[in-house]
Amino acid sequence: MSGLDKTTISASQRAAYGLALPQSSVVLDRARGASASPAQAVQAAARAISNSKLQAVCRADAGVAMQPRVMIAVLSFCYAFDIFASTDVEDVMRRDMEFRRLCANEFPDAQTLRRFRRYNRDALEHCLVEVLRSVAAEDGTRPSDAALRDDAHDRVNTAILMDVQ
């Protein structure tokens with residue numbers, strides 16, 4: 001766990017580090033029947049991001065859904081499947097019974113998601129590239145790294161624009 005002593009961190013931090021989120025049925029429905037591959041890709045990408053690249057926007061003892069790795073995973077997955085507005089992402093978390101159970105009905109609101117995106121944009125775009133790469137592979141395409149970066153950048157910009165309206 002990156003040199004952290006497991007006895008000094010909370011259970012929610014351990015869960016966030018492990019990123020043991022279930023596949024959300026609500027998000028998967030919006031993902032037009034996608035297989036587990038994009039979910040696995042976002043989990044792997046979120047785990048691979050260095051702690052030094054993530055900035056928390058909630059207290060360290062906040063619930064599991066408020067942890068940076070969970071928020072980056074949820075946002076990346078939603079953006080990959082055209083769920084851009086922070087209020088829509090919040091609604092996905094609110095309506096998904098399994099996610100709510102796992103997070104003890106405590107999850108970030110739209111304002112917290114926007115703040116997280118603002119402080120973690122580079123890490124979010126990096127994570128999103130990996131999800132988009134996975135989705136493209138399922139479709140049998142192999143876009144260039146530059147095309148994937150551009151797509152991820154455009155999707156984050158779309159999310160920003162959706163939140164301005």
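Which side chains meet in a salt bridge with N to O at 3.0 Å? They are those of R155 and D151, and the tour returns to them below.

**Before starting**

The model is predicted, so local features need pLDDT of at least 70 and side-chain atom pairs count only at pLDDT 80 or more, while totals for chains, interfaces and linings use all residues. Residues are numbered from 1 along each chain as its sequence is written, and side-chain values use heavy atoms, with hydrogens and water left out.

**The whole chain**

Display the protein chain as a cartoon: nine helices and zero strands are present. Helices (H or I, at least four residues) and strands (E, at least two) are DSSP runs, numbered from the N terminus. Of the 165 residues, 47% count as buried; buried means under 20% relative accessible area, exposed over 50%, and partly exposed in between (1.4 Å probe, protein chains only). Among contacts (heavy atoms within 4.5 Å) between residues at least 6 apart in sequence, 73% join residues at least 24 apart.

**The nonpolar core**

Select I72, Y79 and V89 next. These residues have the most contacts inside the largest nonpolar core, which has 42 residues. Such a core is a set of buried Ala, Val, Leu, Ile, Met, Phe, Trp, Tyr and Cys residues joined through side-chain atoms within 4.5 Å. Helices α3 (36–48), α4 (68–80), α5 (86–95), α7, α8 and α9 each supply at least two residues of this core, and α4 contributes the largest share, 10 residues. Centre the view on V89: leaving aside residues up to four places away in sequence, V89 touches V74, L75, C78, I83 and L113.

**Aromatic pairs**

The structure holds two aromatic pairs. Rings of Phe, Tyr and Trp (its six-membered ring) pair if their centres lie within 6.5 Å; planes under 30 degrees apart count as stacked, over 60 as edge-to-face and the rest as tilted. Select F77 and F81, a tilted pair at 5.0 Å centre to centre with 50 degrees between the planes. F77 is buried at 8% relative accessible area, and F81 is buried at 6%. Then select Y79 and F84, also a tilted pair, at 6.1 Å centre to centre and 35 degrees between the planes; both residues are buried.

**Salt bridges**

The structure holds 10 salt bridges, each a side-chain nitrogen of Lys or Arg within 4 Å of a carboxyl oxygen of Asp or Glu. Select R117 and D163, whose closest N and O atoms are 2.8 Å apart. R117 lies in helix α7 (residues 110–119) and D163 in helix α9 (residues 145–164), so this pair ties together parts that are 46 residues apart in sequence. R117 is buried at 6% relative accessibility, and D163 is buried at 17%.

Move to R121 and E125, which meet in a salt bridge at 2.7 Å, N to O. Both lie in helix α8 (residues 121–138), four residues apart, about one turn of the helix. R121 is partly exposed at 22% relative accessible area, whereas E125 is buried at 14%.

Now return to R155 and D151, which are four residues apart in helix α9 and therefore separated by about one helical turn. R155 counts as buried at 15% relative accessibility, and D151 as partly exposed at 27%.

**Last stop**

Select R118 and Y119. R118 lies over the face of Y119, at 5.4 Å from the ring centre. A charge sits over a ring if NZ of Lys or CZ of Arg is within 6 Å of the ring centre and within 35 degrees of the ring normal.
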